[in-house]
Amino acid sequence: MPANLAQYTPLHLANTNVDLALPTRFTFPYYYTPHPVCEFAMLQLQQSLIDCGVNENSQGNLYAVLLVQNSTTQELGYLSAFSGLQLDPALVSQLNNIHFVPPAFNSKQFQSQNNANLARQLQVADDIEKLQQSHNLDALLAELEGLKIESAQAIEAFQLAMAANKAQRNELREQANQEKALGNLESAANLLKQLGNQSSQEKRDLKALRIEWKQKIAERQSQIDLIESELKNRKQDHQAVSQQLETQRLSHYRFIDQAKQSKNLLELLDGKDALEGSGDCCLPKLLNFAFEHGFKPLALSEFWWGLPPTDIIRQHANLYPVCQSKSFEILEHQLSGIELEDNPLIVNPAVGKSFDIVYEDNEIVVVNKPEEFLSVPGKFIEDSVYTRIKARYPNATGPLIIHRLDMSTSGLLILALTAESNKHIQKQFIDRTVKKRYTALLDGEITGESGNISLPLRGDITDRPRQLVCHQHGRNAETHWQAVSTHNGKTKVHLYPKTGRTHQLRVHCASPLGLGVPIRGDDLYGYKRERLHLHAGYLKLIHPTTGEWMEFEVPSEF
C-alpha cells in the first residue's frame, strides 16, 4: 500500500510514496532487520544529520527512528531520538532543527522538587574537598608512616647498643668474680652493683624511649582519626543524600504503555540497581512520545552515527539492536499487549546442519563445527556439538567439552571422551601449549604484513555480550596476526591467539587500536553479512595417552 509520510512535530516528513506493505507486528527490539519503510525513514534522518553538518567525523551517538501511524487519520510518519539524556554540547547547536522526542526524565521537575537535597549534596561535597585540602590528610598519613619507621629504627638502634653494652658488662662481671675469688670482696661487690644499675637504667631508658615514640605516633594518629572521623561523617551524609536523590531521580523517569498506564523506573527495576544510561535509550523515549500523542508504533531502526568512543567499538551508519541490559524491564512494560516479530534468538540455527568428524579414537573426538552452530547448549537452544556428541558416545565419561567456539565461528573443536583425557588436554590449553590458528576475512584492507595486538578486554556490563577495550580493568589479551592475501578490497589474515578471551579476535580486528577493520559478517563489532568469516582451521596438541603431537587442519570456505 502507498505510505504517505506526513509531518508532525516532532514527527518528521518523509516526502515520498513507497509501495510496500506495512509491518503487521512490531520489531523484536534485541535482534532485527529493519522493515523497508522504516529503513527509508532512517535514511531520511541520516540525510538530515548530514545536512546539519553531522557526519562520520563528528562526535558519535546512537540515533533511532520509530515508524508510526496516526491512530485517527492513519497517516504515517516517523519519530526520531538520540541515546542519552542530552546531546554532546558540540552537537546541540548543529541539531537544533531536528525535532528529537523529549527524554523520559523530567529534569526541571526533578530539580524543582529536590532543590534542598541537590544543594545539600553540593555543599557536603564541597565540605569534604575543603576538609581534605585544609588538613592535607595524605601528607599526615605519610608523616605517620614516617614516624612508625623512625620509631622502629630508633628502638632497634637502642637495642643493638644495649646488646653491645651487655656483652661488655658480662666481661666486667667475669673480672668481678675473679676479684671476689682473690678476696677483694668489697671491690667486686661495688663493680657488680654498678653493672646491675647500668643494666636497670638501660631497661628504663628503653621503656621511656618506647613510650616517647608511642606518644608521638598516638598524637599524630589522634589528629588523623579526628579528621577521618569528620570525613567519614561527611561522606556518610553525602551518601545518604545521594541515595535519596537517586531514588528521586529514578522515580522521575516515567514510562507509559499503549493503554497509557504509567510506571517509573524505580517501580520497573523493583530493587535492581540502575545501570548507567538506564531510561535514556532511544526506544523507551520513542514509545513514550508515540503513546502519549496517539501514534501506533509500527517498526524500529537504530543506528550509530559519527566517531566511536575510545573503548566501545561502533561503526558509522551501522545498525544496532536495543540494549537489552538497560531497557529490558522498561520495554517489558511499554510493549505489553503489542505483538512482536518472532524472536530470532530462540530459533535453532543448526536445524538441517551436521558436522564432520575429523578424527576420533577412544580418548578424543575432533569435529569441524559449521558456522551458526552452538558449541554447548544455550539459554533457549539445546541442540549443540555437545548434545550431538553426547548422543553419539553415550558411554563417554567426563564433561566432553574442553574449549568452545562462538556460535558464529566455524572450525576445529576437540572433545574428550574420558575425564582423564579432558583434564590432560585442558591443562594444555591452560598452559598455552596448544597451537591454534584462525583464518579471518576482514571487511577492508590493512597495512603491514604481520604484527602483534595487545589490548586488554572486559565485558560491557551495560550491553552484554559485547566486550570492550579497558586498560584499567581489562584482562590481558594478545593476538599475533599475519596477512595472507587481499582481493576485492577484502583482506584474508591468519590469527594466532596467545590468550583466549571472549570475542578476542573479533575485537582485536575491529578496534581502531588493533587492525581497525572488522571481520566480515561480525554483527557485534562490524556489519551483518551472510555469515561471520572466522574459521578455526588449525589445531596442534599432545594426545592425552600416546604423548605424541597431533595436528589437524581444515581449510576455510572463504
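This briefing describes selected features of one protein chain, grouped by topic. The model is predicted: local features need pLDDT of at least 70, side-chain atom pairs count only at pLDDT 80 or more, and totals for chains, interfaces and linings use all residues. Residues are numbered from 1 along each chain as its sequence is written, and side-chain values use heavy atoms, with hydrogens and water left out.

**Annotated domain**

- UniProt, in an unreviewed entry, lists residues 364-511 as "domain: Pseudouridine synthase RsuA/RluA-like"; such annotations may be inferred rather than shown by experiment.
- Residues 364-511 are 18% helix and 34% strand, with 36 Å between the end C-alpha atoms. Helices (H or I, at least four residues) and strands (E, at least two) are DSSP runs, numbered from the N terminus.

**Nonpolar core**

- In soluble globular proteins, nonpolar side chains tend to be buried together.
- A nonpolar core is a set of buried Ala, Val, Leu, Ile, Met, Phe, Trp, Tyr and Cys residues joined through side-chain atoms within 4.5 Å. Buried means under 20% relative accessible area, exposed over 50%, and partly exposed in between (1.4 Å probe, protein chains only).
- The largest nonpolar core has 40 residues, and Val-367, Val-385, Ile-389, Leu-442, Leu-495 and Leu-534 have the most contacts inside it.
- Elements that give two or more residues to this core include strand S7 (364-369), helix H10 (385-392), strand S9 (435-442) and strand S15 (534-542). Helix H12 (504-510) is also among them, and H12 gives the most, with 4 residues.
- Contact means heavy atoms within 4.5 Å.

**Two buried loop residues**

- Asn-114 sits in the loop between helix H3 (107-113) and helix H4 (115-135), and counts as buried because its relative accessibility is 4%.
- A polar atom of the Asn-114 side chain lies 2.8 Å from the backbone oxygen of Phe-110. Beyond its neighbours within four places in sequence, Asn-114 is in contact with Leu-245, Gln-248 and His-252.
- Thr-409 lies in the loop between H10 and S8; its relative accessibility is 2%, so Thr-409 counts as buried.
- Not counting residues up to four places away in sequence, Thr-409 touches Tyr-438, Leu-534 and Ala-536, among others.

**Enclosed space**

- On a 1 Å grid over the protein atoms alone, a cavity is a set of points where a 1.4 Å probe fits but cannot get out, and lining residues have an atom within 4 Å of a point. Grid points are joined across faces, edges and corners, and a volume is the space filled by probe spheres set on the points.
- The structure holds 2 cavities of 30 Å³ or more, and the largest cavity has a volume of about 50 Å³.
- Residues lining the largest cavity include His-403, Leu-412, Tyr-438 and Tyr-538. S9 and S15 each supply at least two residues of this lining.

**Backbone geometry**

- Most residues other than glycine have a negative phi, and most peptide bonds are trans.
- A cis peptide bond, with omega about 5°, joins Arg-464 and Pro-465. Pro-465 is in the loop between strand S11 (457-459) and strand S12 (467-469).
- Asn-136 has a positive phi, near 50°, and lies in the loop between H4 and helix H5 (137-181). Asn-136 counts as partly exposed because its relative accessibility is 42%.
- Asp-270 also has a positive phi, near 50°, and its relative accessible area of 66% makes Asp-270 exposed.

Note on methods
A polar contact is a pair of N or O atoms within 3.5 Å; within protein, one must be able to donate a hydrogen and the other to accept it, and residues adjacent in sequence count only if both atoms are side-chain atoms. On a 1 Å grid over the protein atoms alone, a cavity is a set of points where a 1.4 Å probe fits but cannot get out, and a pocket is an open set with protein on both sides within 12 Å along at least five of seven lines; lining residues have an atom within 4 Å of a point.
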